Amino acid sequence: MPILQTLFDALTHASTLFLMAAGLTLIFGVTRIVNFAHGGFFMLGAMLSAHMVAVWFPLLSGSAWGYALAMLCGGLAAGALGAVVEFLLLRRMYGVPDLYQLVATFGLTLVMHDAMRFAFGPEEVFAPRFPGLKGSLEVGAALFPMYSLLLIALGPLVWLGLHLLLTRSRFGVALRAATADRDMLAALGVNPKPLMLGAVVLGCALAGLAGALQLPREPAHLQMDVAIVVETFVVVVTGGLGSVSGAFFAAVLIGLVHTLGVSLFPQATLVLVFATMALVLMLRPQGLMGAAVAAPVREAAPVFVLKPLGQASWGMHALTAALWLGLAIAAFAGSDYWRSVLADALILLLLGLSLQWMMALGGLVSFGHAAFFALGAYGAALSHQWLQASLGTALIVGVFASGAVACVFAAVVVRASGVYAAMLSLALAQGLWAAATQWVAITGGDNGVIGLPWVTPESRGWFDAALLGLAAAAILALAWGSKSREGLALQASRDAPLR
């Protein structure tokens, strides 16, 4: 691919990423909420506009003004839905830890996805090309579509418009004041709630408009939200949370990496994007143009507490003993189905306890924790495949493999904090995911490593009983660890990092 053509495609993709990232940056800058549902507003703008020009009012597609009106309606609908979401959900999430915000907005993504499937159907919608911009501009041996030139020009125009809005208008000055110190703004007699509502509406409208602008280039479908929101988060975090200018330059950088990845390493494109973000955060933990990361005042996270044996009542002891005895009986005497459910539940319990140690005690939000779950599984499976290891040996190998990689990851992730650390953990996990899916000769790709003979019907009961013992030991270890010197130091660094 010629260099000029590559640069042109990169700028086209970067323009779409910037429209999305600008809206997400604006919402975060004012409300301090990381909106994981931002891709849903992108998809809403695309689906609504596509149905307007291709299904409901096809005459609109014959006129440039009609097509533009349909795109504008997509953006306005996304902004209107953003107002509803801000009033019903986001307003109740102000000031809570990042983890709860991310979980709540992720749940909103699922709700929006199902609602749009019900409203628009599961089929792709192909919209016609934009009237008047169907041709191409020939430069040497490269052909540049006219509509893509419009998208490239739109990115800097939106950047300029947002810059003027935030620096020259009364509304923009108030937004910046709310970003800097919302409590002081309220003390001066300015109600911050309308400002936050306006920021969410504008950010969601930009996302909807970005989705509508994609129609002449790709069909509207129900997977658009996930596909775009991952790269949008990468752009926002790379540029620096809250910085519109940082989002602009990061969009250009990620657009170049994405386009070069598609042309040179199509199977590793997403890995290259995340690797770029990880490299930026390792060198500059606050992103390209973000403010220096300050130690926030954190609320005390709930800590798992198990009362000492001398303080617990005999009734509680009896109830706990009866519960574990019942599970042990189920492990040996239950049907195959219930024994399988019990094993899955105990394995997930161990995974949850490991995340509890990091997040509840240490305050470390990780989006890549499942990678270590997979590393343990692959380490155990490959040790049997290569060395014919027994179950006990394989489990030890899996634990050491996961722990060794965790040591490397931790040295990188602890340089950041908050959302930056969470996204960095996701970037590293995505690299492992890509290696597992693409390194077919070792990992088996999508099929995985199969045919392991460790647990037979005769030994299934003992395996489930061992799982039960491990789960009980993990619970006691977490309860003891939370009261140990190391556990108390971990909680202190979570609650008062500067002190």
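Student: Okay, I'm new to this one. Where does Leu281 sit?
Tutor: Leu281 is in helix 11, which covers residues 269–283. Keep in mind as we go that this is a predicted model.

Student: Got it. Is Leu281 buried or exposed?
Tutor: Leu281 is buried, because its relative accessible area is 1%, and buried means under 20%.

Student: What is Leu281 in contact with, if I skip its neighbours within four places in sequence?
Tutor: With those left aside, Leu281 contacts Val237, Gly287, Tyr420 and Leu424.

Student: And how far apart in space are Leu281 and Ser340?
Tutor: From C-alpha to C-alpha they are 42 Å apart, while in sequence Leu281 and Ser340 are 59 residues apart.

Student: How many cavities of 30 Å³ or more does a search of the whole structure find?
Tutor: The search finds one. The volume of the largest cavity is about 30 Å³.

Student: Which helix gives the most to that lining?
Tutor: Helix 9 does, with three residues. The elements that give two or more residues are helix 1 (3–31) and helix 9 (224–239).

Student: How do the lining residues divide into nonpolar, polar and charged?
Tutor: Eight are nonpolar, one is polar and none is charged.

Student: What does Thr25 touch?
Tutor: Not counting residues up to four places away in sequence, Thr25 touches Val236, Gly242, Ser243, Val244 and Ala247.

Student: What separates the C-alpha atoms of Thr25 and Ser243?
Tutor: A gap of 6.5 Å, although Thr25 and Ser243 are 218 residues apart along the chain.

Student: New topic, helix packing. At what angle do helix 6 and helix 8 pack?
Tutor: Helix 6 (residues 170–180) and helix 8 (residues 192–213) pack at about 105 degrees, and their axes are 10 Å apart. That makes helix 6 roughly perpendicular to helix 8.

Student: Which residues make the contact?
Tutor: Helix 6 brings Phe171, Ala174, Leu175 and Ala178, and helix 8 brings Leu195, Gly198 and Ala199. Of the residues in this contact, six are nonpolar, one is polar and none is charged.

Student: How do the axes of helix 5 and helix 8 cross?
Tutor: They cross at roughly 170 degrees and come within 12 Å, with helix 5 spanning residues 146–168. Helix 5 and helix 8 are therefore roughly antiparallel to each other.

Student: And which residues meet there?
Tutor: Tyr147, Leu151, Leu154, Val158, Leu162 and Leu165 in helix 5 meet Leu202, Leu206 and Leu213 in helix 8. This contact has nine nonpolar residues, no polar ones and no charged ones.

Student: Where is Leu160, then?
Tutor: Leu160 is in helix 5 too. At 48% relative accessibility, Leu160 counts as partly exposed.

Student: Where does Gln388 lie?
Tutor: Gln388 lies in the loop between helix 14 (370–387) and helix 15 (391–413). Gln388 counts as exposed, because its relative accessibility is 58%.

Student: Last one, Phe373: where is its place, and what does Phe373 touch?
Tutor: Phe373 is in helix 14. Leaving out residues up to four places away in sequence, Phe373 touches Ile347 and Leu351. At 41% relative accessibility, Phe373 counts as partly exposed.

How values were computed:
Residues numbered from 1 in each chain as written. Predicted model: local features only at pLDDT ≥ 70, side-chain atom pairs only at ≥ 80, totals over all residues. Heavy atoms only, no water. Axes fitted to C-alpha atoms, helices over the stretch in contact; angles between N-to-C directions. Helix = DSSP H or I, 4+ residues; strand = E, 2+ residues; numbered from the N terminus. Parallel < 35°, antiparallel > 145°, perpendicular 65-115°, else oblique. Contact = heavy atoms within 4.5 Å. Nonpolar A, V, L, I, M, F, W, Y, C, P; charged D, E, K, R; others polar. 1 Å grid on protein atoms, 1.4 Å probe; cavity = no way out; pocket = protein on both sides within 12 Å on 5 of 7 lines; lining within 4 Å. Points joined across faces, edges and corners; volume = space filled by probe spheres on them. Buried < 20%, exposed > 50% of the residue type's maximum accessible area, 1.4 Å probe, protein only.
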